[in-house]
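Please read the following briefing alongside the sequence and the coordinates.

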Amino acid sequence: MHEQPMLSVRNLEKQFGPGCRMCKNPIGRQLEKNYCPHCRTVYACQNISFDLFPGEILGIVGESGSGKSTLMQCLYFDEELTAGEASINISDLDGENVFTLSNQQKRYIRNHYFGMVYQNPMKGLKMDFSAIGNIAEKLIAAGGRNVAEMEVIGKTLLEKVHIPLFRMKEEPRRFSGGMQQRVQIAKALSNQAPVLFLDEVTTGLDLSVQASVLDLIKKIQRELGISMIVVSHDLAVIRMLADRTLVMLNGAVVEEGLTDQILEDPQSPYTQQLVYSLL
Amino acid sequence: MKTNHHFAFFDEGSKKEIRRAILKAVAIPGYQVPFSSREMPIARGWGTGGLQITLSIIGCEDVLKVIDQGSDESVNAVSIKKLVQTTTGVEVTDLTQEATIIQSRHRIPEVPLDSNQILVLQVPAPEPLRDVEAREYMTKILHSEEEYSGAWLQLFEQIMKFGRTTTGADHPVYVNHRYVMAPSPIPRFDNPKMHQSEALILLGAGREKKIYAVPPFTDVRSLAFDDYPFKVESFSGKQCRLCGTSDVFLDEVLAADTGEVSYQCNDTSYCMERLNQAEKAEVENNYA
């Protein structure tokens with residue numbers, strides 16, 4: 001069976017800094033971790049390519065500072081990338097490089113086809129607006145103009161993520177960290193976007209909440225067939241969620257393949273170390 | 001010692017700069033054009049934005065009317081009128097239809113304006129997205145990408161919390177189907193008057209250093225959800241205690257001693273004119 005990828009990314013590059021003659025050429029450049037020791041330019045993402053298929057969960061693991069979150073922010077148009085292409089499988093944008101579209105078009109894709117759950121709920125939520133309002137914001141951005149409809153969708157989602165409805169008009173500022181994270185997930189799901197980015201969703205949550213959030217993600221993927229990219233440094237999370245996994249180190253992909261394969265039979269020295277460090 | 005000041009207080013260079021900002025504002029309806037707001041003889045926040053626009057566009061033949069929340073006689077309106085008159089020598093008036101330039105704080109006159117008139121509105125807070133996004137460089141990006149979910153979100157929150165939109169004044173509007181604009185703190189009652197207005201509407205924010213405009217015959221729509229349509233203040237069953245009108249914006253007047261509530265036209269010159277007409281008609285009927 002030949003399936004078309006939902007999202008395909010080719011040669012994505014993101015650097016912070018201008019680069020110097022020692023590091024400009026990717027072939028033969030001597031980096032210390034991910035930065036050039038001469039000019040201190042950070043190469044956060046280097047030549048990253050992958051495909052994301054419909055209904056698939058793609059895991060990205062790697063130590064902190066390996067470029068996972070930067071990659072997500074580039075894909076969600078939060079960060080301007082240095083070079084690279086990505087195309088998204090939507091009829092009117094098929095084959096086009098989404099990174100070269102106008103800002104208005106990028107905004108449109110982001111509002112209509114993408115959902116994002118940030119590691120830090122402060123980034124994804126408006127802390128001074130009600131929980132239901134936060135969900136409505138995503139719906140409004142995607143063209144929602146009917147209060148009653150948006151309220152129904154919001155309530156259903158909040159129930160799904162186990163937020164008691166009597167607290168829906170409260171600001172997430174007054175919620176616990178786990179609840180904030182769940183409101184964020186509800187928000188990301190609200191417009192039924194075909195692609196979801198999850199950046200360290202369970203980091204910092206206690207184990208029982210973590211389990212219910214993971215359950216929820218798994219359920220959503222099964223029920224709605226949404227494609228997801230899950231970033232985590234927690235291999236247990238990746239093992240549970242991801243079908244395929246990329247392993248990142250110092251801004252580059254060092255290994256990719258089926259999650260089970262990677263965890264059972266790691267090839268690159270870094271992945272081996274990572275897997276064997278698992279308690 | 002008496003010194004001669006330049007016509008309309010400003011030097012010509014200043015006027016030119018402000019006029020350029022105005023031209024750009026007219027060319028891009030609803031877009032906030034930055035300008036170098038000048039130090040004025042009144043404090044910022046007291047109408048310096050409107051005053052600077054008035055002074056840069058006024059000519060010898062203009063007739064000026066200044067109102068402050070509907071009143072021609074309030075201290076602020078009188079002071080601004082005096083300043084412009086002393087420095088230009090133009091005629092001032094209370095009658096809306098006689099004026100060519102009407103500078104106003106928080107009201108649009110009841111008498112419909114025509115294409116020979118310019119309405120100058122004073123604006124304290126020109127950015128409709130400020131409450132959702134504090135950073136100016138971000139709101140500029142949001143405007144450029146036509147990302148107005150923040151403005152809608154504020155209305156949504158009001159509906160969630162109070163069952164309806166609760167903007168008492170300054171209800172955001174969509175101008176020319178492109179920019180969301182703060183119409184200055186005019187009551188919702190006046191929002192529809194901006195739609196397809198025959199007169200040019202210029203808005204000036206002195207403290208925030210922004211000028212924006214609604215050119216004549218431009219679509220101006222108040223933001224509203226499908227199931228919560230935009231509503232103006234209703235004064236049904238109430239009428240002005242002086243002139244008897246009922247289809248205008250009314251002020252509630254509370255008698256301190258008796259606690260009795262009565263209503264009165266907010267637009268004083270409109271009320272005065274109606275009273276004069278009634279008196280004239282009465283005189284003609286009774287003594288002719």
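**A covered helix and its setting**

In chain A, helix α4 (residues 131-141) is mostly covered, eleven of its eleven residues being buried; a residue is called buried if 20 or more other C-beta atoms lie within 10 Å of its own, exposed if 12 or fewer, and partly exposed in between, with C-beta atoms placed from the backbone. Helices (H or I, at least four residues) and strands (E, at least two) are DSSP runs, numbered from the N terminus. This is a predicted model, in which local features need pLDDT of at least 70 and side-chain atom pairs count only at pLDDT 80 or more, while totals for chains, interfaces and linings use all residues. Residues are numbered from 1 along each chain as its sequence is written, and chains are lettered from A and ligands numbered from 1 in the order in which they are written.

**Helix α4 of chain A**

- The buried residues of α4(A) include the charged pair Glu137(A) and Lys138(A), along with Ile132(A), Ile135(A), Leu139(A) and Ile140(A); the classes used here count Ala, Val, Leu, Ile, Met, Phe, Trp, Tyr, Cys and Pro as nonpolar, Asp, Glu, Lys and Arg as charged, and the others, Gly among them, as polar.
- The cover over the buried residues of α4(A) includes α2 (103-113), α5 (147-160) and α6 (177-189) of chain A, and also α5 (149-162) of chain B.
- After α4(A) comes Gly143(A), which has a positive phi near 100°.

**The two chains**

- Chain A contains ten helices and nine strands; its radius of gyration is 19 Å, close to the 19 Å that the globule rule gives for 279 residues, so chain A is as compact as a globular protein of that length. The radius is taken over C-alpha atoms, and the rule is 2.2 Å times the number of residues to the power 0.38.
- The C-alpha trace of chain A spans about 60 × 45 × 45 Å along its principal axes, and 44% of its 279 residues count as buried.
- Chain B has seven helices and twelve strands; its radius of gyration is 20 Å, close to the 19 Å that the globule rule gives for 288 residues, so chain B too is as compact as a globular protein of that length.
- Along the principal axes, the C-alpha atoms of chain B fill a box of roughly 65 × 60 × 40 Å, and buried residues make up 43% of its 288 residues.
- Among contacts between residues at least 6 apart in sequence, those joining residues at least 24 apart come to 67% in chain A and 62% in chain B, two residues being in contact if their C-beta atoms, placed from the backbone, lie within 7 Å.

- The contact between the chains takes 16 residues from chain B and 17 residues from chain A; on the side of chain B that touches chain A, eight residues are nonpolar, one is polar and seven are charged.
- Chain B is divided into domain 1 (12-222) and domain 2 (250-287), with bounds that come from an automatic or database domain assignment.
- The centres of these two domains of chain B, taken over C-alpha atoms, are 28 Å apart; their contact takes twelve residues from domain 1 and six residues from domain 2, and the domain 1 side divides into three nonpolar, four polar and five charged residues.

**Helices α1 and α2 of chain B**

- The axes of α1 (residues 12-27) and α2 (residues 48-57) of chain B come within 9 Å and cross at roughly 105°, where axes are lines fitted to C-alpha atoms, for helices over the stretch in contact, and angles run from 0 to 180 degrees between N-to-C directions.
- That makes α1(B) roughly perpendicular to α2(B), a label for angles of 65 to 115 degrees, whereas those under 35 count as roughly parallel, those over 145 as roughly antiparallel and the rest as oblique.
- Lys15(B), Ile18(B), Arg19(B) and Ile22(B) of α1(B) make the contact with Gln52(B), Ile53(B), Ser56(B) and Ile57(B) of α2(B).
- Lys15(B) is partly exposed, with 19 other C-beta atoms within 10 Å; leaving aside neighbours within four places in sequence, Lys15(B) is in contact with Phe10(B) and Ser56(B).

- Most residues other than glycine have a negative phi.
- Gln69(B), in the loop between β2 (63-68) and α3 (75-88) of chain B, has a positive phi of about 50°.
- Asn176(B), in the loop between β6 (173-175) and β7 (179-181) of chain B, has a positive phi near 55°.
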